[in-house]
Amino acid sequence: MPKPLRTDRLKELFSREVSLALRDVHGLNTRGIVTLTGVELVDEGKLLHVYFSVFGSGQDRTWTEALLTRSIYLIRAAFKKRLRLRVIPAIMFKYDNTPEAAAKMESIFAKIKAEKKDENTGS
């Protein structure tokens, strides 16, 4: 298993390299705004999970996920060209719903705050 410090450096490197490679993907931000939210190395560095979120509709998310999946070959080719690593990990894109969950929580807190304000002014 890779050492934690090396793993952290690799994650940072892969995150940056995925972002750079995605600049060459035509039409990526045409349906919603895509944000890479993180990466995770698993299976002793043989697999890279790349987490993303999409600001847009459910259809935008599905379309973007398909486009990202089709781009894996391009990204791995960029890794092989730019990085001097013995093992280039396989890549898997995973949707990250954290931004949506945070927005829901903010909405709930805003409702609670408004209800408390109404209770205090109604007394």
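Predicted model: local features only at pLDDT ≥ 70, side-chain atom pairs only at ≥ 80, totals over all residues.
I number residues from 1 along each chain as its sequence is written, and side-chain values use heavy atoms, with hydrogens and water left out.

**Entry: the sheet**

I looked up the strand order. The sheet is open, has 3 strands in the order β1-β2-β3, and its pairing is mixed. The edge strands are β1 (33–42) and β3 (90–95), each pairing on one side only. From one strand to the next, the twist averages 25°. Strands here are DSSP runs of E, at least two residues; helices are runs of H or I, at least four residues; both are numbered from the N terminus. I count two strands as paired if DSSP finds at least two bridges between them.

I then took the pairs in turn. β1 runs antiparallel to β2 (residues 47–55), with 9 bridges. Val 39 stands opposite Val 50 in β2. β2 and β3 run parallel and are joined by 6 bridges. Tyr 51 stands opposite Lys 94 in β3. A reminder to myself: side chains in a regular strand alternate between the two faces of the sheet.

**Entry: the hairpin loop**

Which residue takes a positive phi in the hairpin of β1 and β2? I found Asp 43, with phi near 55°, in a hairpin that has 4 residues between the strands. Asp 43 is a residue other than glycine. I noted Glu 44 as well: its phi is positive, about 55°, and it is not a glycine either. Asp 43 sits in the loop between β1 and β2, and Glu 44 lies in that loop too.

Are they buried or exposed? Asp 43 counts as exposed because its relative accessible area is 53%. Glu 44 is exposed at 56%. My cut-offs are under 20% relative accessible area for buried, over 50% for exposed, and partly exposed in between, with a 1.4 Å probe and protein chains only.

Helix α3 (residues 72–82) lies across β2 and β3, at about 130° to β3. For these angles, axes are lines fitted to C-alpha atoms, for helices over the stretch in contact, and angles run from 0 to 180 degrees between N-to-C directions. Contact means heavy atoms within 4.5 Å.

**Entry: the salt bridge**

How many salt bridges does the structure hold? I found 1. It joins Arg 82 to Glu 17, with the closest N and O atoms 2.7 Å apart. The pair links distant parts of the chain, Arg 82 in helix α3 and Glu 17 in helix α1, 65 residues apart. The criterion is a side-chain nitrogen of Lys or Arg within 4 Å of a carboxyl oxygen of Asp or Glu.

I compared the accessibility of the two ends. Glu 17 is buried, since its relative accessible area is 5%. Arg 82 is exposed at 52%. Setting aside neighbours within four places in sequence, I list Phe 79, Arg 82 and Leu 83 as the contacts of Glu 17.

**Entry: Ser 53**

I picked a residue in strand β2, Ser 53. At 9% relative accessible area, Ser 53 is buried. Not counting residues up to four places away in sequence, Ser 53 touches Ile 33, Val 34, Thr 35, Thr 37, Tyr 95, Asp 96 and Pro 99. Gly 32 is 21 residues from Ser 53 along the chain, and their C-alpha atoms are separated by 9.6 Å.

**Entry: helix α4**

I ended on Met 105, in helix α4 (residues 98–122). Met 105 is partly exposed, at 41% relative accessibility. Together with Ile 108, Phe 109 and Ile 112, Met 105 makes a nonpolar surface patch of about 370 Å². Patch residues have over 30% relative accessible area and no salt bridge; like charges are joined within 9 Å, nonpolar side chains (Val, Leu, Ile, Met, Phe, Trp, Tyr) within 5 Å. The areas come from the Shrake-Rupley method with a 1.4 Å probe, and for residues only the protein chains shown count as cover.

Ala 114 also lies in helix α4. Ala 114 is partly exposed, at 39% relative accessibility. I took its C-alpha distance to Ile 72: 46 Å in space, for 42 residues in sequence.
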